[in-house]
Amino acid sequence: MPSHAGPPAARPGDVAGVLRLLVYLVLAVVLMVLDHRGGWLRTARAQVEVAVQPLWWLAGLPSRLGTSMREDAATRAQLARDNHVLRNALLVSGARNARLQAAAAENERLRALLGGVERRRLDVQLAGILDIDLDPTRQRLVLDAGAREGVQVGQAVIDAGGLMGQVIAATPTTATVLLITDPDHAVPAMVARTGVRLMVYGGGRADLLHATDVPLSADVRAGDVLLTSGLGGRFPAGFAIGTLGPLRPDDSRAFLEADVAPAAQLDRGRDVLLLRGYKPPAVSPAPCAAGVATPGCAPAAASAPPAGTTVATPASASPMPAATPTATREATP
Amino acid sequence: MSRSRNGWVLPVSLLFALLLGLVPMPALLQPVRPYWLALVLAYWVLEEPDKVGLGVAFLLGLVADLAFGALLGEQAMRLAIMVFILDRFRARLRFFPVSQQAAAIGVLLVNDRVVGIGIHLVLGAVQLPWTYWLAPVLGMVLWAPLHLVLDSLRLKRRG
């Protein structure tokens, strides 16, 4: 594609060149706006991303090689030592697990007595993270497993610490995960101690989340642990999201806001777990069922996001829960 | 310019630049990752303007946006602007000594950061921390070696 048709010495007043630039700029702006607003372009983009997979694979190669070389170079003594440490860790977790299982069984019995819904067992799939750096302004990960391994768009992604994010695109061999720290992401949360419901938004950095629009009267303290509430139907209830930092009044002075330190390890280079077989509870009959163990389910549901809408489309996650505070904000001054 | 050339260097160098943008780096070094794609593209615009121009820059930008998972069109726009300016001053830049060329590339990379910030401001996206302003400096420093390497690859050695 010859782009510079003129002689080697560029003429300063080359109108055609400027026009070509303008055409490209307009094209770029149109693409950016369309992509930013989501919709069909985002879907089309997921299709085209199949084409860049070899690039991802190649870029991930050095670190994969490095890992395998390190593993090959490990000595017997090292392996024996690792084995010993891991065995001990397994013993401890096994003991803890046994206690938890008793509690879970008891919980199940009590739940059956109360006539509540039974909670499904955790069914997970292990997936490796493709070790590449994506655009630093966006909080995304690429997984080394795709539709061929049964990964589906919308699956929740967790690690040992807690919730990491959700799958937003799946190609045959890779999947893109939107992390909860992405500014486009929102999670319906509840405070583990009191059951107060909040929305937690991504802060755009790997170690930062925001809880906004916390009512002044809510029983929320710094240091409270936030769990997924299960509302919205995207994430099952009860996964750790993070720990609340100190609360401060927001710009309107009518609500509080706080930073949240994520519970999961959100940097790359580890394996993650994909939740499988979680079917969001049917929307109509019992919206409270998902947010188990929350007292005052019905009134809280009004301020919480409506089931099925909020988190399903990450980009448009904010409007609903933010609706109330904005109205108040305009009314305050 | 009657020397025979290695035709494969152009696509391979661009592909390599794309890969270098994706290769994982420690979090501390991430902000100073130079914009390899812009550097390599700048070299080709200066040396072979018949092959690399606005169209190539735009398409390459789109591929990079897809590969980096960035906003579609962002890098296409940034690279198009950069190539346009380079093309305008090509006649002069080509005969600059390498040190002055590097300075000009540094200014272009800074301009590129400004354009990027502008795009993010307009769309309300996240801004990068200030440490990312160090990347153009590193890009400037890397211009001379990159120029040397690509030159030696592009022009077949004789004898």
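Helices (H or I, at least four residues) and strands (E, at least two) are DSSP runs, numbered from the N terminus. I am reading a predicted model, where local features need pLDDT of at least 70, side-chain atom pairs count only at pLDDT 80 or more, and totals for chains, interfaces and linings use all residues. Residues are numbered from 1 along each chain as its sequence is written, chains are lettered from A and ligands numbered from 1 in the order in which they are written, and side-chain values use heavy atoms, with hydrogens and water left out.

**Entry: strand β6 of chain A**

I looked up the neighbours of β6(A) and found five bridges to β7 (residues 197-202) of chain A, running antiparallel. A:Ala189 faces A:Leu198 across that pairing. The two strands make a hairpin with five residues between them, and A:Gly195 in the turn has a positive phi of about 85°. β6(A) also has three bridges to β9 (residues 225-228) of chain A, again antiparallel, with A:Val191 opposite A:Leu226.

Is β6(A) buried or exposed? Six of its six residues (186-191) are buried, so the strand is largely enclosed by the rest of the structure. My cut-offs are under 20% relative accessible area for buried, over 50% for exposed and partly exposed in between, with a 1.4 Å probe and protein chains only. A:Ala186, A:Pro188 and A:Met190 point one way, while A:Val187, A:Ala189 and A:Val191 point the other.

**Entry: the six-stranded sheet**

I traced an open antiparallel sheet in chain A with the order β1-β12-β3-β4-β5-β2. β1 (124-128) and β2 (140-143) stand at its edges with a single partner strand each, so one side of each has no neighbour in the sheet. Inside the sheet, two bridges join β3 (residues 156-158) to β12 (residues 271-275) of chain A, and A:Val157 stands opposite A:Leu274 there.

**Entry: the largest nonpolar core**

By a nonpolar core I mean a set of buried Ala, Val, Leu, Ile, Met, Phe, Trp, Tyr and Cys residues joined through side-chain atoms within 4.5 Å. Which residues touch the most other members of the largest one? Of its 67 residues, they are A:Trp56, B:Leu22, B:Leu37, B:Leu41, B:Trp44, B:Leu86 and B:Trp143. Elements giving two or more residues include α1 (15-37) and α3 (53-73) of chain A, and α6 (98-123) and α7 (134-154) of chain B. α2(B) gives the most, with 11 residues. I recalled that nonpolar side chains tend to be buried together in soluble globular proteins.

**Entry: A:Met69**

I found A:Met69 in helix α3 of chain A, and at 58% relative accessibility A:Met69 counts as exposed. Its C-alpha atom is separated by 26 Å from that of A:Asn88, 19 residues apart along the chain.

**Entry: positive phi values**

Most residues other than glycine have a negative phi, so I noted the exceptions I came across. A:Asp213 has a positive phi of about 55°; it is found in β8 (residues 209-215) of chain A and, at 18% relative accessibility, counts as buried. A:Arg253 has a positive phi of about 65°. A:Arg253 is in the loop between β10 (240-249) and β11 (255-262) of chain A, and is exposed, with a relative accessible area of 62%.

Methods: Pairing = 2+ DSSP bridges.
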